[in-house]
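Open the structure in your viewer and keep the selection tool at hand. The stops below say what to select next and what is there.

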Amino acid sequence: MMNSKLRNENIVWTVSEDYSVVPALNLFDEYDNEDLQFYRMMLLGQVYKDVNMEKLLEYLSITIPKTGLKNAFLKLVEIYLDDCFSENLLRNRPGAKEYREKFYSEIEEKYAACDFEKMTVEEEIEFVYSSRIIGKYVVIRDVTDEMIGFMRKRNNERDTDEIIKVLNACFLKYFYKNYRNSNSNDAEFELLKIEEAKSENELKEDVEKEKQRLNFKMKKKHIEKFNPKDLIGEVSIESAEFTKAIDEDKIVRDERADDGQSKSNSTEYSKGEMEKMVESRYGEAIYPQFILKNIEKDISTGIHEGIKLHITEGNFLKGKYDPYFAKAIDNQREVNYEYYKDNELIFRRSINELKEVIRKKFISDEEDEDSFSNSGRLIPSRVWRNRFLNDDKIFVKNNCFEMESITVDILLDVSASQLEREEYVAAQAYIIAEALTSLNIPTRVAGFCNFFNYLVVTQYRDYKDPRGKNTNIFKFRASGSNRDGLAFKYISNQMNLREEENKILIVLSDGKPNDKINLGVRSFPNVDAQDYEGDIAIKDTAQEIFNLKMLNRNVLGIFTGEEEDLEYEKKIYGKDFAYIKDLNRFSRTIGYFLQQINF
């Protein structure tokens, strides 16, 4: 098997003329016939020569998890790339012509005697598309015929961005999960019905096959750097920072157009409509409006003026939520939890290690030794010091740690810039929360993002919630933009309501505040608030971290972004941040920070 892999890589390297790449061999299906496999690897080499593969793989890493027809879409990608780049391959390497002719001849023979009704979607796409390429016209179902026709009309594209545009347009129309009822007659449901019509045994075979194809884990070995803004889609999938929510909304609007649910093109939205839209996407508010308005008066000032608050626990009221977004959260929760289970041994060890660090630091250190403090048991003989020396340490308390004297807040950046690392961030937050709550330390975990002129804070657990609530962290799903400075003002406001003397804030973020509100996109509202981006956003965020520290809050930033963005993290947190590349060192790194805290 190793020899086969090396042979395939050598073919790709030779044709691409680039021996530095680590080719994603599973982007294309594997064929038992050596001649067929040889041709496919030659084609893959040509694709690596002509296409920005990092950008293409980045695009696929976002789209593949969003469909139930993963291999079918990959098969479409494979044949479309052949349709676009085989001409270049044959021009550069004329000997490939014979292999290509044999390849499609074999594919034709493979399906000639097949029962079309029992074909999977992947097989149907391969049969119909391959037949068209060699000039034969076969039709099985209208939806497949329509899809292949759409792709063939666009087979003259050579630019990577244009290739992704075509793939994305096809993906959104035929493959994107849209969670509507089974009576829907849209293209994706037609494809899904083909899959659902198969027998149980055939489905099991597909599951086994699914495991063999391209898989994007958190650390994607074929992707060196991820910049979502490079992605370009028909309904812009580039929206890593602030347009993702817009794109999702456009998708949903397009999906509902046939049902008469689409709103008119007017950009006028009432306050009530905006509130309903936010609630339908993120869940019902846990505070009444009068409380939210009072908080807004305190924190929505300066550059944040006009920004409203929506505080939720992610619970949806019957009849007041959007099934599409509710289902998307459930799906991401499953992905996050599966990632945790896949690495549970590592994560459990991290939890136990961090727990011991916390226990030693806060519970056993200098046990039973008394010291003077600004709280505790009053010492009458020291009262004079407060009056004449302005010394507030006129109390004595035992240094055996009092659990109720500390709280920890864990704040997560849930903006769309975290799209490719949702599982990773959720696992990190869960490790910290588990270690803290196992020692009964009051811990609150919340995520923040922005949707138009709303700061949305999703509270996964509160201070006094039972430890079992930690699993809510796996509901972490990236969307929207991020106005970090305002999120920090809100969390500081809430921390001030607690009576505990010692307070810690741990922030998991990519260090890139970015909230461009007025995008000028037709059919979406313009709101009365300032954009939040660039140096202004960095400086404002850094100022709010400074303000927290001046209030004697212990702040740690855990960097979850790309190494090239570390400079922003340093500007915001100074020395109080951690960049953890190796999960095996996670607990030790966090533990080191906690050990430096002096209350």
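This is a predicted model: local features need pLDDT of at least 70, side-chain atom pairs count only at pLDDT 80 or more; totals for chains, interfaces and linings use all residues.

Begin with the open sheet of seven strands, whose order is E1-E7-E6-E5-E8-E9-E10 and whose pairing is mixed. Select strand E1 (308–312) and strand E10 (577–579) to see its edges, where each strand pairs on one side only. On average, neighbouring strands of the sheet are turned by 20 degrees against each other, direction ignored.

Next, select strand E5 (residues 406–413) together with E8: the two run parallel and are joined by seven bridges. Within this pair, Asp409 stands opposite Leu505 in E8.

## Gln332

Move to helix H14 (residues 323–342) and select Gln332 in it. Is Gln332 buried or exposed? Its relative accessible area is 6%, under the 20% cut-off, so Gln332 counts as buried. Show side chains here: those of Gln332 and Asn336 are joined by a polar contact of 2.8 Å. Leaving aside neighbours within four places in sequence, the contacts of Gln332 are Lys66, Glu422, Glu423, Phe474, Phe476 and Arg477.

In soluble globular proteins, nonpolar side chains tend to be buried together. To find the largest nonpolar core here, select Leu60, Phe73, Leu76, Leu167 and Phe175, which touch the most other members among its 66 residues. Helix H4 (residues 70–92) gives the most to this core, with 11 residues.

Zoom in on Leu167. Not counting residues up to four places away in sequence, Leu167 touches Leu56, Tyr59, Phe73, Val77, Tyr80 and Met151. Another core, of 42 residues, lies apart from the largest one; its members include Ile358, Val414, Leu556 and Ile590.

## Glu533

For the last stop, select Glu533, in the loop between strand E8 (502–509) and helix H19 (534–550).

Finally, select Asp515, 18 residues from Glu533 along the chain: the C-alpha atoms of Glu533 and Asp515 are separated by 6.0 Å.

Note on methods: Residues are numbered from 1 along each chain as its sequence is written. Side-chain values use heavy atoms; hydrogens and water are left out. Helices (H or I, at least four residues) and strands (E, at least two) are DSSP runs, numbered from the N terminus. A nonpolar core is a set of buried Ala, Val, Leu, Ile, Met, Phe, Trp, Tyr and Cys residues joined through side-chain atoms within 4.5 Å. Buried means under 20% relative accessible area, exposed over 50%, partly exposed in between (1.4 Å probe, protein chains only). Contact means heavy atoms within 4.5 Å. Two strands pair if DSSP finds at least two bridges between them. Axes are lines fitted to C-alpha atoms, for helices over the stretch in contact, and angles run from 0 to 180 degrees between N-to-C directions. A polar contact is a pair of N or O atoms within 3.5 Å; within protein, one must be able to donate a hydrogen and the other to accept it, and residues adjacent in sequence count only if both atoms are side-chain atoms.
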